[in-house]
Amino acid sequence: LTLIPEEKSRPMIRVLDEETSTAFYRDALGLEVADRFPFDDFTLVYLRNPENDVEIELTVNDDRTEPYTHGDGYGHVAVAVADLDAEHARMEKLGIAPQPIKEFFREGALMARFFFIADPDGYKIEVLQHHGRYR
């Protein structure tokens, strides 16, 4: 058996409200709807940022009325930005309510500067400053 990986991998998340979620990802992360495929009882929405070809897949189940639970397996999605402070301020102005900026050190050296936001379904997103391994 030979497994052939996809050319690009993408996170898939289930969301309750397509319009609210697509607006959030557009405003917060600059992701636009690249493709939308309705099926009989669900819709797949692919969001993409053309600058670096990041893609997130949203699954909207038509009969779902209650918010999804995240269980204990989901951690978060992470994105890196050129100017963390400017993005934090921009998101505050949009009412996204970013958490405070934190710094993470390892062996006395700065490893990461970051903050977290949450999408309309409560999924955590880590926003990191371009630095070191975070590009």
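Some ground rules come first: residues are counted from 1 along each chain as its sequence is written, and side-chain values use heavy atoms, with hydrogens and water left out. Since the model is predicted, local features need pLDDT of at least 70 and side-chain atom pairs count only at pLDDT 80 or more, while totals for chains, interfaces and linings use all residues.

Let's start with the sheet. Strands of a sheet pair through backbone hydrogen bonds, either parallel or antiparallel. Here, four strands line up in the order 1-4-3-2 to give an open sheet with mixed pairing. At its edges sit strand 1 (12-14) and strand 2 (32-38), each pairing on one side only. Strands here are DSSP runs of E, at least two residues long, and helices are runs of H or I of at least four, both numbered from the N terminus; two strands pair if DSSP finds at least two bridges between them. On average, neighbouring strands of this sheet are turned by 20 degrees against each other, direction ignored. Strand 2 and strand 3 (residues 42-49) run antiparallel and are joined by six bridges. Within strand 3, Arg48 is the bridge partner of Glu32.

Helix 1 (residues 18-29) lies across strand 1, strand 2, strand 3 and strand 4 (54-61), at about 10 degrees to strand 3. Angles run from 0 to 180 degrees between N-to-C directions, with axes fitted to C-alpha atoms, for helices over the stretch in contact; contact means heavy atoms within 4.5 Å.

Next, the rings. Searching the whole structure turns up four aromatic pairs. Phe37 and Tyr46 have ring centres 6.0 Å apart and planes at 70 degrees, so this pair is edge-to-face. (Rings of Phe, Tyr and Trp, the last by its six-membered ring, pair if their centres lie within 6.5 Å; planes under 30 degrees apart are stacked, over 60 edge-to-face, and the rest tilted.) Phe37 is partly exposed at 39% relative accessible area, whereas Tyr46 is buried at 15%. Buried means under 20%, exposed over 50%, and partly exposed in between, using a 1.4 Å probe and protein chains only. Phe114 and Phe116 also pair edge-to-face, with 5.9 Å centre to centre and 85 degrees between the planes.

Finally, His130 sits in the segment after strand 8 (124-129) and is partly exposed, at 37%. Leaving aside neighbours within four places in sequence, His130 touches Ala80, Val81, Ala82 and Arg135.
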